[in-house]
Amino acid sequence: MNTFWGNIFRNRATTTEEEKILDILRKIPLFEDLTKKELSAIERILHKRMYQTNETIFNQGDPGMGMYIIERGAVEIVSEPGKRTLAELHEGEFFGELALLDDSPRSASAVAKNDCTALGFFQPDLFGLIDRNPTLGVKIVVRLARMIGERLKKCNDQLEQTDLVKAQES
Amino acid sequence: MPENHRFRRTIMWIAIVAIAAALLIYAMGEVVRLLIIAALLAYILDPVTTFLESKGLSRTWATVVVFIGIVSALALGLLLMYPVVTREIQSLQTTDSASRTTEIFSKLETSIKERLGFLGLENMNLNEKAQELKGKVGEKLIVFFVTDFVSLVAHLVAIPFMIFFLLKDGREMKKLLISRVPNRYFEFSMNLIYRMDRHLGNYLRGQFLDAFSFGLLAAIALMVLQVKYAVFLGAFAGLANLIPYVGPIAGGLLSAVVTVLDTGDLAKVGYVVLAFALVKLADDAIIQPLTVAKSVEMHPLLVLLVIIIGGQAFGILGMLLSVPVVGFTKIILEEGITAYRKYRFA
């Protein structure tokens, strides 16, 4: 194919790097059970960002734009003020997914523990995906709702346990 | 107050970059003009392409289908309009038309002398002046077609080419642009770019729909009144409606002038003016609220000044784009400052 037609009808064969990203995405609950074609559609709208050690990914209080998936390295979730480390996340883990639904302020800061690469999946791109590929967009939104629902149930269970323990102590 | 100082410095840098960009755009003139036209048309066609994508077509094929649709519609339009256009051109060239024009100008001159003689208007020689103007217009048309024909053809090829790739790869281009932003300003910039994109897209598509509806209503009104060249005048009025204040007046004025030249019937001119007033009322009351997503909320005097400056800098394209450009600069600054305050750029 000459350059002109090749550019219009380019065949998008996946590279090794893209295969690695697809493998990471398969392990994320939000994207589990998606076909390879659907995962490729998600991969195309991810934003790859590189952070240096101790570089801030986002600050507590910033309007939320979307979630990050750690491709390489480690990230600390830090509560401010006081800089208390709430969690340490590694390759294949994700954070900030609630910001896919609204732009309410981030509940904590995210800081790179070492040199890391994160894949950003953001709200505007999700809404664009819903326009272009409603089936896939709805699948992701339903999974997101399920994840939030499960987290809520866990919170309720933990609260009940705490109340039970307090009641027994008193 | 280090934060205030940093904020002021940031605003200063943004202003410097914006002025430099404006000067560069002005210097590059023609290329930028083509790109702007292509980008505007790509914005308007984007929802159609996205709709086709949602039905299962790849972005490339969706873009190809949209292009085939537009080319087919244009070809069909040309085929239908060709006999009408040739007939109208022939009628313009016949001696019947020329002698009727002479008669109309003579009647007009007599009428003006009778009613406004106190102004001392004696030998106006309207007929000679009209012939002189016709000659000058003819000369300009010949010069345009002979010397500017090559650039016209280049534009007719370049613009669809640009539209195709902007439509097909616009998303990737935006992603590439965002990827260059430093991490510190990444989410803030992405937020701003997507909001701007949404506002601009909605505004342009709304304006296009509004212009199309206005042009259609104007053409129908002129056809009902049996005004010659109703379709062309309607199309012109629709395009002119894109320019606030100036456009609707220009559209109505042209139709009134054509009616005078064609029939000499001042009563009919009155009906044409009334028809335009009614179409404008329908546009303001019904069409605009439905189609134009958000007004730019600028003072009318500022709008007029902006149109004049845009016209002087970039001609007709400047007049068309000056109001949305200034309006969106205003939105960008407002949203940018609000968003900037929410983010902590530590």
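Among contacts in chain B between residues at least 6 apart in sequence, 62% join residues at least 24 apart, where two residues are in contact if their C-beta atoms, placed from the backbone, lie within 7 Å. This is a predicted model, in which local features need pLDDT of at least 70 and side-chain atom pairs count only at pLDDT 80 or more, while totals for chains, interfaces and linings use all residues. Residues are numbered from 1 along each chain as its sequence is written, and chains are lettered from A and ligands numbered from 1 in the order in which they are written.

**Chain B overall**

- Chain B has 11 helices and zero strands; helices (H or I, at least four residues) and strands (E, at least two) are DSSP runs, numbered from the N terminus.
- Of the 346 residues in chain B, 19% are buried, a class that requires 20 or more other C-beta atoms within 10 Å of the residue's own, against 12 or fewer for exposed and a count in between for partly exposed, with C-beta atoms placed from the backbone.

**Helix packing in chain B**

- Helix 8 (residues 230-240) of chain B packs against helix 9 (residues 246-263) of chain B at an angle of about 160 degrees, with their axes 7 Å apart; axes are lines fitted to C-alpha atoms, for helices over the stretch in contact, and angles run from 0 to 180 degrees between N-to-C directions.
- That angle makes helix 8 of chain B roughly antiparallel to helix 9 of chain B, since angles under 35 degrees count as roughly parallel, over 145 as roughly antiparallel, 65 to 115 as roughly perpendicular and the rest as oblique.
- The residues of the contact of helix 8 of chain B with helix 9 of chain B comprise eight nonpolar, three polar and no charged, where Ala, Val, Leu, Ile, Met, Phe, Trp, Tyr, Cys and Pro count as nonpolar, Asp, Glu, Lys and Arg as charged, and the others, Gly among them, as polar.
- Helix 2 (residues 30-54) of chain B and helix 7 (residues 186-224) of chain B pack at about 90 degrees with their axes 9 Å apart, which makes helix 2 of chain B roughly perpendicular to helix 7 of chain B.
- In this second pair, B:L40, B:Y43, B:I44, B:D46 and B:P47 of helix 2 of chain B meet B:L200, B:G201, B:L204, B:R205 and B:F208 of helix 7 of chain B, and the contact has seven nonpolar, one polar and two charged residues.

**The sheet of chain A**

- Four strands of chain A form an open sheet in the order 2-7-4-5 with antiparallel pairing, two strands being paired if DSSP finds at least two bridges between them.
- The edge strands, strand 2 and strand 5 (84-89) of chain A, each pair on one side only, and the twist averages 30 degrees from one strand to the next.
- Strand 4 (residues 75-79) of chain A is joined by four bridges to strand 7 (residues 109-112) of chain A, and the two run antiparallel; A:V78 has A:S109 in strand 7 of chain A as its bridge partner.

**A:E91 in its loop**

- A:E91 lies in the loop between strand 5 and strand 6 (94-95) of chain A and is partly exposed, with 15 other C-beta atoms within 10 Å.
- Leaving aside its neighbours within four places in sequence, A:E91 is in contact with A:I70, A:E71 and A:R72, while A:E91 and A:I69, 22 residues apart in sequence, are 7.9 Å apart in space, C-alpha to C-alpha.

**Interface between the chains**

- In the interface, 19 residues of chain A are in contact with 17 residues of chain B, and strand 1 (47-51), strand 2 (56-58) and helix 4 (123-132) of chain A are the elements that give two or more residues to the side of chain A that touches chain B.
- That side of chain A divides into nine nonpolar, five polar and five charged residues.
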